[in-house]
Amino acid sequence: MTEMLSYEFMQNAFIAGFIIAILASVSGTFVVLRRYSMISETLAHSALVGVAVGLVSGYNPLWVAVVVALLSAWLIEYLRSSFALYSDAVLAILLSGSLALAVIIVSLGGAFNNSLFSYLFGSILSVSKEDVIVIVVVGSASLALLLAYSKELYFIAYDEEVAQTSGIQVKLLNFILVSVVAVIIALSIRVVGSLLIGALMVIPTVSALQFKQGFKNTTLLALSFALVSVAFGMTLSYEYSLPSGATIVLCVLMLFVISLVLNNSKR
Amino acid sequence: MKFHVPIFEVKNLNFDVGTQRILSNISLEILKGEFIAIIGPNGGGKTTLIRMLLGLDKPTSGEIMIYGKKLNRFKKWDKIGFVPQRASHVDSNFPATVQDIVNMGRTSKRGLFSSMSTHDKELVNDAMIKMDVLNLKDKMIGTLSGGQRQRVMIARALASSPEILILDEPNTGVDVVSQNRFYALLRSLNKDENITIVFITHDIGVIADDIARLFTINQKITICNNPKQTLSCEDMSLLYGFDAHLIHNHKHDH
């Protein structure tokens, strides 16, 4: 353990990983309660388009991913609110469209390489000092926004129409939520990978929901599950040279199974 | 004096879905302090009218004013408490205690990052006492009966200390004892606290003594200024489109 933490790249990975665990689990609570779980997958695939553009054009893929994920989040909200389209259908269309676009860009730009692999599945080796600074600064701002509006987002998750009639700016807050989620996903793909970040956002909350607690306890449980999964997952990733995203997701899945068994055996 | 300040003013309101007219030429006023009941057959447009008053649906044509302002310019929505029809049908897995739900009533009055003030806590506590759910405050909402959930939803609306309370068939699935207690509470809120009440119901006989006016809605509106006299079998038949009979409730003397 001491040896592992003596490496700078592992320190970077752990700092970034823990911040991402906090961001993904807190935002994931709102996403799951809004029945919006698929949005994380869709935005992760949209972020991949940004990564592809970044890799091909030479711009920092992380920043381009943030921009593309944000644009995609706004497009989802626009399509959902302006047209008579089912939300899940909108998400499915954008998910496959984004993936197709990312593959075409990467293929045309000749960027099918290890670097792309690390964005797909996460790699602790790829987290640089600059990445950590971006994740800390942008992540803190995103978390502050979520916490500032947490009581409104909770009300909206419970009953959107009653929240609206009580004077809460539902459209604005939906917009803020998807924007923050887009940013968090784009920030997370270094560590967890674009194909697996959805799991870190959704599974800790679904596991926490098995314990049938109030909002505060459910959020804290989800946060704990995400932190534990990141810690164990990254350690396993270091010890066995495995992609960090996959090991983190397997850990969080394990906690989900334990939560399910524990709470079903109580009944 | 009661009944002088208009809260809602609706003029020539129409609402169409495709080629079908749901509400036709509705004009009405709801004044401060009134107790108004709305009745009508299912699909007659009662809930649609309420949704438009609350800005949830846009009318095809016509004008809605709230506290003298056009609906799209009205900002003080925290003056209005709303209990929707489906309030008791909650997601049983939603992570919320009764206290969490009633706290939501204070959400729009609290600032960013702010926790519940002593005043907020008092109002939430009072609302739970009024609706007799204080003893349930730590229970998960999903574990309550339909009637208990309904009382929690009304407590949430009361926690916002509204000037007007709009309830869309709040007694669906609630037992008779709870209903009678609920009607007594509505009377008290209206008479003692001067809260304006707009109430969609099918159970008009029980509260006919208390209501100031009765709106009957079946695409069009008929406003009855003396509900007790107006509730003839002929009127009911006309409204509901088939033979209807009033069953007199002797306990309530009508």
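## A helix pair in chain A

Helix α3(A) passes helix α11(A) in a right-handed crossing (the near helix is turned clockwise from the far one by less than a right angle). The model is predicted, local features need pLDDT of at least 70, side-chain atom pairs count only at pLDDT 80 or more, and totals for chains, interfaces and linings use all residues. Residues are numbered from 1 along each chain as its sequence is written, while chains are lettered from A and ligands numbered from 1 in the order in which they are written.

Helix α3 covers residues 37-57 of chain A and helix α11 residues 197-209; they pack at an angle of about 165 degrees with their axes 8 Å apart (axes are lines fitted to C-alpha atoms over the stretch in contact, and angles run from 0 to 180 degrees between N-to-C directions). Helices α3(A) and α11(A) are therefore roughly antiparallel (angles over 145 degrees). Helices, of at least four residues, and strands, of at least two, are DSSP runs numbered from the N terminus.

## A sheet in chain B

In chain B, an open sheet of 4 strands has the order β2-β1-β4-β5, with antiparallel pairing (two strands pair if DSSP finds at least two bridges between them). Strands β2 (20-31) and β5 (69-70) of chain B each have a single partner, so one side of each is left without a neighbour in the sheet.

Strand β4 of chain B, residues 61-66, pairs with β5(B) over 2 bridges. Here Met65(B) stands opposite Lys70(B) of β5(B).

Definitions and conventions: Angles under 35 degrees count as roughly parallel, over 145 as roughly antiparallel, 65 to 115 as roughly perpendicular and the rest as oblique.
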